[in-house]
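Try each task with the viewer open, then walk through the solution.

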Amino acid sequence: MTEPVTMMAATTRLDYVFTAGVAQSKNLHGLEEGKFIGQRCPKCKKVYTLSRGSCPVDGLPTDEIVELPNTGTVTTYCVVNVPFAGQSIEIPYICAQILLDGANLSFMGLIQEIPIDQIRMGLRVEAVWVEPDELGPTMASVKYFRPSGEPDAEFDSYKEYL
Amino acid sequence: MAEGTNYSADHVLEYPYVRSVGPVVGAFLTGLRDGKIVGIRGTGGKVVVPPTEYDPDTGEETSGMVDVGPEGTVTSWSWVPHPRPKHPLTTPFAWVLVRFDGADTSFLHVMPASGPDEVHTGMRVRPEFAPEADRVGHVNDIRHFVPVDAAS
Amino acid sequence: MSGFPELTSGHRPVGVVSFAQYDNVRREDAHNEVEMLMPVVAEVFGSIGITKDDVGFICSGSTDYLVGGPFSFVTALDAVGVWPPRAESHVEMDGAWALYEAWVLLQEGEIDAALVYCFGRSSPGDLSEIMALQLDPYYMAPLWPDPTSLAALQAQALIDSGRASESDFAAIASRARRSALANPKAQLAYDRSPEELLGEDYEVAPLRRHALPPLTDGCAAVVLAAGDRAYELCERPAFITGIDHRIETHAIGARDLTRSPSTQLAGEKAGVATKKVDQAELHAPYAHQEMILVDALNLSDDVALSPSGGALAANPMMSAGLIRIGESARAIWSGQADRAVAHATSGPCLQQNLVCVLEGV
């Protein structure tokens with residue numbers, strides 16, 4: 001016990017209640033019902049998925065609710081080969097940005113039911129939801145996206161969203 | 001849930017930090033582990049306890065550790081009738097600012113008492129250390145303060 | 001246009017020309033931060049007929065610890081809309097310090113107007129625990145002293161110095177809450193005598209419940225404009241003639257808690273004493289701190305203290321300081337005051353202090 005003290009444990013825990021807010025609550029309610037909800041800006045008319053309630057371009061409330069379809073396009077992707085703490089899926093797997101049809105903002109989703117070497121930009125995909133009794137107000141309601149079988153989207157149709 | 005519900009969720013943040021303490025803070029924590037109180041000399045000759053790398057008055061570098069206390073004087077206090085979950089004590093206690101004998105600044109810690117009438121500015125106190133085997137170099141190596149005349 | 005006042009700080013007259021604040025509430029659990037800010041930003045622009053395209057700089061103040069979301073201040077920008085890309089900055093401080101940064105930029109003369117906003121919610125987490133983490137991590141934070149416990153040490157020291165009593169704290173709280181009755185944005189307002197308040201239990205002795213600020217969710221915004229632009233947007237701009245901020249050591253045991261030398265110095269640099277002061281909006285979350293601030297700023301008895309009720313009426317974190325500036329500006333716009341002092345604080349026991357002197361012409 002003669003060594004000087006050089007380190008100090010400073011473990012800290014803080015407990016919060018996270019409030020989703022009006023807009024996100026609508027998104028979460030949609031997920032609970034097995035559908036995607038978009039919100040349209042009154043000025044630029046863009047439709048945001050998983051919006052926090054404002055148009056990040058115009059700073060206006062996105063009050064108009066738009067129900068979005070189950071289908072979309074892979075705008076870009078990566079193949080995850082790196083294990084990390086808390087990983088729930090076997091590597092390698094595909095993580096992609098998905099632009100739902102009718103939306104102007106992409107979001108991140110898993111792509112499955114396709115060999116790793118066949119993933120590509122422009123791939124048309126559809127959401128696979130969990131069983132109806134497992135649906136909840138969470139993105140975990142979407143199990144993953146899989147190829148829809150449609151022809152690939154033209155690059156021009158999604159180049160603005162990269 | 002019904003449409004129009006405002007969703008909320010529990011959210012926990014944990015920071016498993018381990019901090020490097022440096023030579024000055026380290027000397028103080030080492031002192032606590034060894035059951036003594038050390039301070040550092042500031043530029044004007046003031047003794048700073050708990051020690052900082054700089055003089056709180058001038059900002060200049062401090063140097064020269066000095067032993068102080070372990071007895072000291074309460075310079076201010078407040079009384080907590082209902083301790084919070086993370087407070088060091090679970091029963092009513094006083095926060096005390098203690099100026100150790102030989103020090104020119106005060107150190108914050110806690111002192112249990114049966115009521116606020118037992119605490120006053122100017123009272124003489126001393127630290128009650130945790131058993132040697134439990135001390136790790138942390139402010140909680142001092143369990144709490146007690147009046148100087150209290151039995152060990 | 002009626003000219004500009006003489007400046008103690010800076011060389012370019014910059015005025016507060018618009019101010020808006022959220023309804024201060026104990027718990028805003030229906031809206032997220034962006035949804036809280038949007039109507040406030042809309043009001044602060046809309047009331048003077050401008051848009052985000054009319055300001056050359058945006059500066060905000062907040063701390064992510066309050067909601068437990070790292071970089072939540074970045075998403076808050078969605079409330080303004082920052083496209084095309086905007087000149088923007090953020091301080092992990094009360095919005096009063098964000099205003100200071102914007103004021104400095106306006107001094108350079110490249111821009112003529114700026115938006116300052118801030119937000120703070122006390123309800124998502126345990127504020128007492130969160131605020132303990134602002135303390136020195138080796139000696140103080142591991143003990144988890146809450147802000148009220150530390151403020152009570154300061155109050156006790158003030159009592160021990162012979163300069164104050166618990167009755168003084170009650171008198172301040174009574175006056176502040178009575179003033180707050182006229183403030184539609186006040187969260188806590190009542191008409192109760194000091195004697196009645198002294199019957200309350202101690203939260204942390206010597207502070208009884210009345211001497212504490214309410215826990216508040218809120219946000220606020222201000223528009224600053226320089227020179228002629230200020231007069232285009234406001235009939236009687238509240239010009240910032242002096243502004244300064246100073247900090248003391250975080251080690252509360254190394255300070256004389258009964259004095260606020262940082263406030264005193266900031267007040268001197270901001271020129272508080274150069275002319276008569278009509279009113280002072282002081283950011284004193286705990287009642288006894290008002291006495292320390294009045295002392296440090298050497299305010300005379302005829303100065304109206306915190307007519308809005310101050311932080312005892314509503315204390316949204318990271319915002320209550322900017323609100324003091326906004327309330328002071330409002331008094332100047334209305335002619336209720338010609339010269340007002342606004343103060344903001346941060347850190348335990350008035351560690352850091354900003355003083356802003358506002359004048360109408």
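## Exercise 1: A covered helix in chain A

The buried residues of H1(A) are A:Gly21, A:Ala23, A:Gln24, A:Ser25, A:Lys26, A:Asn27, A:Leu28, A:His29, A:Gly30 and A:Leu31. Keep in mind that you are looking at a predicted model.

**Task.** Find out how many residues of H1(A) are buried, and what covers them.

**Solution.** 
- Step 1: locate the helix. H1 of chain A covers residues 21-32, and its 12 residues reach 16 Å from first C-alpha to last, close to the 16 Å expected at 1.5 Å a residue.
- Step 2: count. With 20 or more other C-beta atoms within 10 Å as the test for a buried residue, 10 of the 12 residues pass, and H1(A) is mostly covered.
- Step 3: look around it. The cover includes strands S1 (7-19), S2 (36-40) and S4 (64-68) of chain A, together with helix H1 (33-46) of chain C.
- Step 4: follow the chain onward. Just after H1(A) comes A:Gly34, with a positive phi of about 80 degrees.

## Exercise 2: A strand inside chain C

**Task.** Explain why strand S4 (residues 113-121) of chain C counts as largely enclosed, and name its partners.

**Solution.** 
- Step 1: check burial. Nine of the nine residues of S4(C) are buried, so the rest of the structure largely encloses this strand.
- Step 2: compare the faces. One side carries C:Ala113, C:Leu115, C:Tyr117, C:Phe119 and C:Arg121, the other carries C:Ala114, C:Val116, C:Cys118 and C:Gly120, and all of these are buried.
- Step 3: find the parallel partner. Strand S2 (residues 57-61) of chain C pairs with S4(C) over five bridges in the parallel sense, and C:Gly61 has C:Cys118 as its bridge partner.
- Step 4: find the antiparallel partner. Nine bridges join S4(C) to strand S7 (residues 217-226) of chain C, where C:Val223 stands opposite C:Leu115.

## Exercise 3: The nonpolar cores

**Task.** Which residues have the most contacts inside the largest nonpolar core?

**Solution.** 
- Step 1: pick the core. The largest one has 172 residues, and C:Val116 and C:Leu224 have the most contacts inside it.
- Step 2: see what supplies it. Helix H3 (residues 95-107) of chain C gives the largest share, nine residues.
- Step 3: zoom in on C:Leu224. Leaving out residues up to four places away in sequence, the residues that C:Leu224 touches include C:Val14, C:Leu99, C:Trp103 and C:Val116.
- Step 4: look for a separate group. Apart from this core lies another, of 17 residues, among them A:Ile37, A:Ile94, A:Leu99 and A:Leu123.

## Exercise 4: Where chain C meets chain A

**Task.** How many residues does each chain bring to the contact between chains C and A, and which element of chain C gives the largest share?

**Solution.** 
- Step 1: count both sides. Chain C brings 25 residues and chain A brings 23.
- Step 2: list the elements. On the side of chain C that touches chain A, H1 and H4 of chain C each supply at least two residues.
- Step 3: H1(C) gives the largest share, four residues.
- Step 4: sort by class. This side of chain C has 13 nonpolar, six polar and six charged residues.

Notes. Residues numbered from 1 in each chain as written. Chains lettered and ligands numbered in written order. Predicted model: local features only at pLDDT ≥ 70, side-chain atom pairs only at ≥ 80, totals over all residues. Expected span 1.5 Å × (residues − 1). Contact = placed C-beta atoms within 7 Å. Core = buried A, V, L, I, M, F, W, Y, C linked by C-beta atoms within 7 Å. Nonpolar A, V, L, I, M, F, W, Y, C, P; charged D, E, K, R; others polar. Pairing = 2+ DSSP bridges.
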